[in-house]
Amino acid sequence: SNCRRSRPSGGAGEMTGQPPAGEPPPLYKPELLEPKKKLTLLQHCYKEPWIPFGCIITVGALSSGLAGFIQGDSKHMQRMMRMRVIAQGATVMSMVVGVAYAASQKALKAPPQPMGPQPISEK
């Protein structure tokens, strides 16, 4: 069966399936696009320096504990594993504090939102 859909005759845009000349497609309108900010690893480290520091301390304690395990020094190994847990906890806490601080700074920059019903002003 040779079925053809009838198309209404109109401008050149309707014939080609393209929007009319001079108007960009809706997905490419500048007001619909937001610039993406992707931070590099060094920018993240500069923004939140305690997280990489905590990661380094955690890896150091883990490595030292593993060395103690290999050498058979169980006292040193236990001390380093406790140190690793403390360092990991401090790293997670610094992440939580960093997120809370960023949220509070964002809230301070945002315009104040009115609370409750607003009175109707008569002009």
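Predicted model: local features only at pLDDT ≥ 70, side-chain atom pairs only at ≥ 80, totals over all residues.
Figure 1. The secondary structure comes to four helices and zero strands. Along the sequence, the pattern reads α-α-α-α. Helix H1 (residues 12-16) has the lowest mean pLDDT among the elements of the chain, at 52. Helix H3 has the highest, at 92.

**Figure 2. Surface and burial across the chain.** Of the 123 residues, 10% count as buried. The accessible surface of the chain comes to about 11700 Å². Carbon and sulfur atoms hold 65% of that surface. Now look at the contacts with a separation of 6 or more. Residues 24 or more positions apart account for 35% of them.

Figure 3. Helix H4 covers residues 74-109, which makes 36 residues. From its first C-alpha to its last, H4 reaches 52 Å. That is close to the 52 Å expected at 1.5 Å a residue. Which residues of H4 are buried? They are Met-77, Met-80, Ala-87, Thr-91, Ser-94 and Gly-98. These buried residues of H4 pack against H3. An α-helix has 3.6 residues a turn, so residues three or four places apart point the same way.

**Figure 4. A nonpolar patch on the surface.** Four residues make up this patch: Trp-50, Phe-53, Ile-57 and Met-83. Together they have about 420 Å² of accessible area. Which helix gives the largest share of the patch? Helix H3 (residues 50-71) does, with three residues.

**Figure 5. Trp-50, a patch member in helix H3.** Trp-50 lies in helix H3. It belongs to the nonpolar patch, along with Phe-53, Ile-57 and Met-83. Is Trp-50 buried or exposed? Trp-50 is exposed, because its relative accessible area is 57% and the cut-off for exposed is over 50%.

Figure 6. Met-83 lies in helix H4. Its relative accessibility is 40%, so Met-83 counts as partly exposed. Which residues does Met-83 touch, not counting those up to four places away in sequence? They are Ile-57 and Ala-61. Ile-57 is also in the nonpolar patch with Met-83. The C-alpha atoms of Met-83 and Gly-65 are separated by 9.1 Å. Along the chain, these two are 18 residues apart.

**Figure 7. Ile-86, an exposed residue of helix H4.** Ile-86 lies in helix H4. Ile-86 is exposed because its relative accessible area is 61%. Its C-alpha atom is separated by 8.4 Å from the C-alpha atom of Thr-58. Along the chain, Ile-86 and Thr-58 are 28 residues apart.

Methods. Residues numbered from 1 in each chain as written. Heavy atoms only, no water. Patch = residues over 30% accessible without salt bridge, like charges linked within 9 Å, V, L, I, M, F, W, Y side chains within 5 Å. Areas by Shrake-Rupley, 256 points an atom, 1.4 Å probe, with all protein chains shown as cover. Salt bridge = Lys/Arg side-chain N within 4 Å of Asp/Glu carboxyl O. Helix = DSSP H or I, 4+ residues; strand = E, 2+ residues; numbered from the N terminus. Buried < 20%, exposed > 50% of the residue type's maximum accessible area, 1.4 Å probe, protein only. pLDDT = per-residue confidence, 0-100. Expected span 1.5 Å × (residues − 1). Contact = heavy atoms within 4.5 Å.
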